Amino acid sequence: MELLRHIILLAMVLLLGACSGRSSNAFRDQNMDFGVIQNVAVMPMANHTREQSAGDRVRDVLFNKLLYTGGLYAVPLGEVKRGTMRAATADATAPSPEEVVKLAGILKVDAIITGAVKEYGEVRSGNAVANVISVSVQMLETQTGRIIWSASSTKGGVGFSDRLLGGGGDPMNVITEKAIDEILDKLFI
Amino acid sequence: MRSSTNYSYKAGRIQRAWLLGIVLCAGIADTSAAAETATLRVAVLPVGNQSGKTVPVNDLREMLIRGLEEQGAAVLADAENEQFLARHRVRFTGGLDRATAEAYRTETGVDAVLISSVDLYGEHDPPRIALFVRLVSTASEPKILWFDSVGLTGKDAPGLLGLNRINDPKKLLEKIQLLLFGSYAEYHHGRKSVPAVRTTFEPRAAFRSSVIGSDLRENYVEFVESRSSGEETVKYARIAVSLSRPSGRTASVEYLMSGGSAVEGRDFICKDTRLTFKAGETLKYIDIRIMRDKANTEQKTITLVLKAPKNALLGETRVHTYSIIDVDPEPAVSFTTKHQKVKETAGRAVITAELSALSGKDVTVPFLVSGTAKMPGNYFITPSPVVIKAGTKSAEIVLQVADNGVDEDDRTVVVTLGLPVNAVQGRTATSTVTIRDVDPEPSVSFVQEGSRIDGQRGTARLEVALGAASGKPVTVEYEVTGGTAEPGKDYALRGGSLVFAPGETTKAIEIDIRGAAVHDDDRNVEVSLSRSENAGLGGVRKHSCTLVNPIPAPAISFLTRRTRGDERTGTARLEVGLSAASGKPVTVGYAIAGGSAVQGKDYTVHGDALTFAPGETGKVVELTIRTFGVYDDDKTVDIELKGPRSATLGEVPLHTYTIVISGSSLQAEDENAGDGAGMTAMNAQQPGPAAAQEYTTPRKGAGIPIIPMPAVAFTSRETRGDERTGTARLAVGLSAASAKPVTVAYAVSGGTAVAGTHYDLQDDTLVFAPGETHKHIEVRIKGDGKNTEQKTITLVLKAPKNALLGETRVHTYSIIDVDPEPAVSFTTKHQKVKETAGRAVITAELSALSGKDVTVPFLVSGTAKMPGNYFITPSPVVIKAGTKSAEIVLQVADNGVDEDDRTVVVTLGLPVNAVQGRTATSTVTIRDVDPEPSVSFVQEGSRIDGQRGTARLEVALGAASGKPVTVEYEVTGGTAEPGKDYALRGGSLVFAPGETTKAIEIDIRGAAVHDDDRNVEVSLSRSENAGLGGVRKHSCTLVNPIPAPAISFLAQSLHFRKNAGVAKIAVELSATSRKAVTVPYAVGRAGQHAQGAPVMHGSLVIKPGRLSAMIDVELSEISPEAGEEVLEIVLSGPENASLGRIPVHRMTVISREHRPRIAVIPFMNVSGRKDAGDLLMLQFVKELSSLDDITVMEPGVVRDHLLGMRVIMYEGVSLSDIDLLMKTLDVDLILTGRVFDYQDYEAPGTTPKVEFSVLLFERTRNRVIWASKSYNKGNDGVVLFDWGNISTANTMVTEMARAVKSKLVTWE
């Protein structure tokens, strides 16, 4: 009986491991003192999806989550817009190092966060439908404009239970939050 | 489903009466009218349509009008309303701006405007309606009076089998009317329902700044002041920390000691590290235990820094410096030894300056060096000042003693303390080091044993030297102990003494050399040294000074080269003479050197040598000529002088005598010489006898010798002899013997000698007997017993008889004076005179009368000073020839100064024409008869500014004194504290002779704090060389210059919650005082102080040394009914202080916190739903308006500003826009956000979906204090069978906004 229980447990672990096909990568500059970063600006995100508002939605979640952590103060997005207009930033989703430095002077921030939304919306696998999101985020320090932290996360998609039981997976908002949470976990390690 | 929230302004408290208040405030109606009119006059604006569908807005408006009228409101007629809207071109009816509100009130008289909008409308499947309604006042600042929304569908409550489903839109509208005006009725009757918050609709992620209170304002914690101070005697230092406003939650802040010169544990103890403000508290104190170090130290500081605040932000004053004022007196510094002795070979001596107690400051000790020792000859010393380092107790003054190898007295080095810095003078302020001399006495001796000196008149110097320099005066006596020279004749020197001044190594004994008149042997004087003082006698104690006679030996010679005589002459006398008289016998030999005559046949020669006695100048060689009486040739005899002793051979050492027999030699001479001029010339060269020979010379051409008339003449032109000779014999000779007696008269014709005085001689006649050829005139020379010049007698021959006058008819005899020079002495060795006597006389007297003027030089020395004590006849005085004395007159001056007796020592110099006598020194003692002066303070009291410095108490003598006057002084009383207020120990003043004023210097420490004036009483005692005068005590008042401190409140205003119990209001002094400060205070309501009747009053006392105290105000006694009460605490009429910068404190007692103003601006809409941003805005306005403590701006006013300011929001509002809006709207908070989804009920099977984020900005720091993200669907709240489902976005947003509001306000 004991043996059977162990076998079942092992099988469940393996099953869970097989289900967790989501991947995430992170880079964290070991030479950077992240303690000095107090204020950040979240730049508009590059949207590579069909959903027009994906970038804004993910950015808004990231902005709120950053404030929610209490560790960083994120400049209001309207202020960021004002900054990019004043700095005449060509592409606010991917500012050059020089533009980063210039923006920092206007926004008075220690770092700038850029990102890209690669997946946002429903995916279909056979008859199963589920939401998926794939986000990558970079943090650029404003002294030189170099990347000091980078992370990405993909959440959602058609899982085992979705295939088995249907149901369409988690709502878009939920997986967006999860993806952002996972990304920020890599920042505040 | 009814899921709305209504808002009524001040619901529950103010019912309809609020309107009356508004009317009164607006001034649009008088009080009586307002009192009569209890009906609310309302204008209903057209219903806005935000649904995107066709809506029967008129029906809805009529429904609203009906509802209002049913509730008793008076609705403005449509026509009038439309006219107003047209007149004012009001196109936007979704809000009410200030101008429109004002116009409504003034033009139509309405009290409020009803504003409504529809955001959902559908008539079928099922019917659905959602709308917002709000009542806004027409006051100058439009206020939302009531706000509600409702969203319903026909299937919200279908009931069993759908029996309750509503399919008719009118019925649904009636239900909505019922709900809305039910809400209005609650407001109207002052009731308020508080719907529960459904957790399902809470925001998903929310950030709320931890530093905001329930009023949503940021709270700051900071020090009340950045600096404070207190004396170290206070037990605790209290440093006030304040919160900017009362907080509804507990706030705390950490503090730490970040620096300062004070050391924790030693100077202070601070146990806690955190201050906690309980809810409602705004002032707390950090208590620091101050530890007194009991050492005089610099002021110390403690620097505190606030950090890590919780539930508050750090304010600007986050650093506080507390200064601990040291009050310990300065330690006393003294020397450890009063006296010590060291040998000069010891190398060093140490004088230690020691503190009475350890000091925390460096103590600088200046000192003065005096005494008899000299630097660098005797010592080197550490230069002044020395420093006693903080924490050490002593410092050394090192005396490097120098061994100078000089015999001298013991020397002293006296080190006297100056006024030390950071310390006072101690008891032993003087330390004396005696340097004992160990060098032997030097020897004194002549430099050489003998010397030779030219015996001409002048001065011989016999050098006497010390073996080594001495630091003491060395005296050695000398005297003449032998020698061949005659004192008084050859030289003048009496015994005496030489005095070597300190450092002098050579002196000379001077011998006055008289000079020799005649050739003589060298003489010598032997001088010996004896009886030395401060030196031993060296090896060469005797010195022989040889006086070398400079007169050359005289020349001895025949007076003529040749003479002649006939054979009848008998004896031929050949004159030999000395060129000058000699002081010793002169001998010369002679012998026949040739000639034609034969010795023994023709002549015989007598003797073979001549001896000249001293002084004798002439002798003859005698030849006896034999007379034969027969013709023959003339014969010659050559005689030569040789071997002279004590003389040299002169020019005529050979003489030829011719015996004239036939005169042949004469003829030959005539022929050869012509006229015999050579003979005459020779005779002319040889005075004396040669002249006599001339007349024997036969005349030219005479063949036979003729014996002519002899000539009578002196044998020499001059002779001399000393005055002791007795009788001088002046030789007169005949040129040839005569058979007849020859007479010749003689007489004194001149000379300097006085007949009868210097000689006796009568004019007389000299008689030569026949054959006699020589006679003498005898002159009796008389000695005068005086030292005089040489004198002369001139005799002349005249009136010869039986002879002719020869050539040498005048003779001068010189009387050489041999009397020694008299000695000149003072008649008195010592004499005493009173300084009032006027004069004293010192007589210089000769031992014997002198024929010469005697010049007596003298030196004046002694302790008396000229002209202060005397005047004296200038040197030299002259004793006139023939007189015996001269007076040196001393005019004694009475200077009126008490002083020691003074001496005038007159010492003889070397007199001219006399020698020093026995008493060569005469001392006159001038006895002082002046009384002692009195010594006293110049005045009885003085006042001096008590700042750090020096007070000088002048002490004066009644009259100047010639003696050093000493008077002791000491502190005998006074209120000032020694060491703290001043530094002065007992001591003494020394007036140098002549000095009449001195000052006692008191080192004033300077007052650090305000206090009464203090005084020091100093008394004089025990004077020396003076009496104590009348003013023996002096009271020096140290005027405290520190002004009374200013008393003031620490803070100008503070807030207190009414339930805080006791409010402690800090009152502080600008500086500590030694006097207790009392200040009455009165607590009263603001602005009512002038009317008296304070709430409470009292008197506050700040103890000496303390900086602050607290006024306790019992808050429970203050105005219980008012929500916010401002009290003033007024300080007045302080004692020992003045009123400072904050004499009035405003204390705000609040029962409810300040109502912040908030503006909600439209959300940025990124959803597909038109007007979603405005709908979110309205929802939050509605929810926030339900809060009692917040004033929400009417959206119409906000919109007006947004348009007026041309605020364009790209991707949201920027901080500069926020700042601008906050200032223009005068709001504390701005709420905005983004809406991403706003999906309403579309069709059966669909559910509404809303997603938005919210940002709240705070004015003070212009930062986000709230951020949240909310998203929900209508069915999120479904529990079972569609139970809990929400069918309209309006209702769902209401729930979501309510949840946000709830979290925002009550976070904890």
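1. Ground rules. This is a predicted model, in which local features need pLDDT of at least 70 and side-chain atom pairs count only at pLDDT 80 or more, while totals for chains, interfaces and linings use all residues. Residues are numbered from 1 along each chain as its sequence is written, and chains are lettered from A and ligands numbered from 1 in the order in which they are written.

2. Chain A overall. Chain A has 6 helices and 7 strands (helices are DSSP runs of H or I with at least four residues, strands are runs of E with at least two, and both are numbered from the N terminus). Starting at the N terminus, its elements read α-β-β-β-α-β-α-α-β-β-β-α-α. Of its 189 residues, 47% are buried. Here "buried" means that 20 or more other C-beta atoms lie within 10 Å of the residue's own, against 12 or fewer for exposed and anything in between for partly exposed, with C-beta atoms placed from the backbone. Among contacts in chain A with a separation of 6 or more, 68% join residues 24 or more positions apart (a contact is a pair of C-beta atoms, placed from the backbone, within 7 Å).

3. Chain B overall. Chain B comes with 13 helices and 95 strands. Of its 1308 residues, 43% count as buried. For contacts with a separation of 6 or more, 75% in chain B are between residues 24 or more positions apart.

4. A helix pair in chain A. Helix 3 (residues 77–86) and helix 4 (residues 97–107) of chain A cross at roughly 125°, and their axes come within 9 Å. Axes are lines fitted to C-alpha atoms, for helices over the stretch in contact, and the angle runs from 0 to 180 degrees between N-to-C directions. The two helices of chain A are therefore oblique to each other (under 35 degrees is roughly parallel, over 145 roughly antiparallel, 65 to 115 roughly perpendicular, and the rest oblique). Helix 3 of chain A supplies Glu79(A), Val80(A), Gly83(A), Thr84(A) and Arg86(A) to the contact, and helix 4 of chain A supplies Leu103(A), Ile106(A) and Leu107(A). By type, that contact has 4 nonpolar, 2 polar and 2 charged residues. For the classes, Ala, Val, Leu, Ile, Met, Phe, Trp, Tyr, Cys and Pro are nonpolar, Asp, Glu, Lys and Arg are charged, and the others, Gly among them, are polar.

5. A helix pair in chain B. Helix 3 (residues 57–70) and helix 6 (residues 169–188) of chain B pack at about 40° with axes 10 Å apart, which makes helix 3 of chain B oblique to helix 6 of chain B. The contact uses Met63(B), Gly67(B) and Glu70(B) from helix 3 of chain B, with Leu173(B), Gln177(B), Leu180(B), Phe181(B) and Tyr184(B) from helix 6 of chain B. These split into 5 nonpolar, 2 polar and 1 charged.

6. Where the chains meet. The contact draws 23 residues from chain B and 17 residues from chain A. On the side of chain B, the elements giving two or more residues are strand 8 (205–208), helix 12 (1215–1225), strand 93 (1229–1239), strand 94 (1249–1258) and strand 95 (1263–1273). Strand 95 of chain B gives the most, with 5 residues. The side of chain B that touches chain A divides into 13 nonpolar, 5 polar and 5 charged residues.

7. Backbone spots to look at. Most residues other than glycine have a negative phi, and most peptide bonds are trans. Ser384(B) to Pro385(B) is a cis peptide bond with omega near 0°, and Met866(B) to Pro867(B) is cis with omega near 5°. Pro385(B) sits in the loop between strand 24 (379–381) and strand 25 (386–388) of chain B. Ser646(B) has a positive phi of about 60° without being a glycine, and is buried, with 20 other C-beta atoms within 10 Å. Asn1136(B), also not a glycine, has a positive phi of about 65°; with 20 C-beta neighbours inside 10 Å, Asn1136(B) counts as buried.

8. A loop residue worth a click. Val652(B) lies in the loop between strand 48 (648–649) and strand 49 (654–660) of chain B. Val652(B) counts as buried because of its 21 C-beta neighbours inside 10 Å. Leaving out residues up to four places away in sequence, Val652(B) touches Ser557(B), Phe558(B), Thr560(B) and Arg561(B).

Terms used
Contact = placed C-beta atoms within 7 Å.
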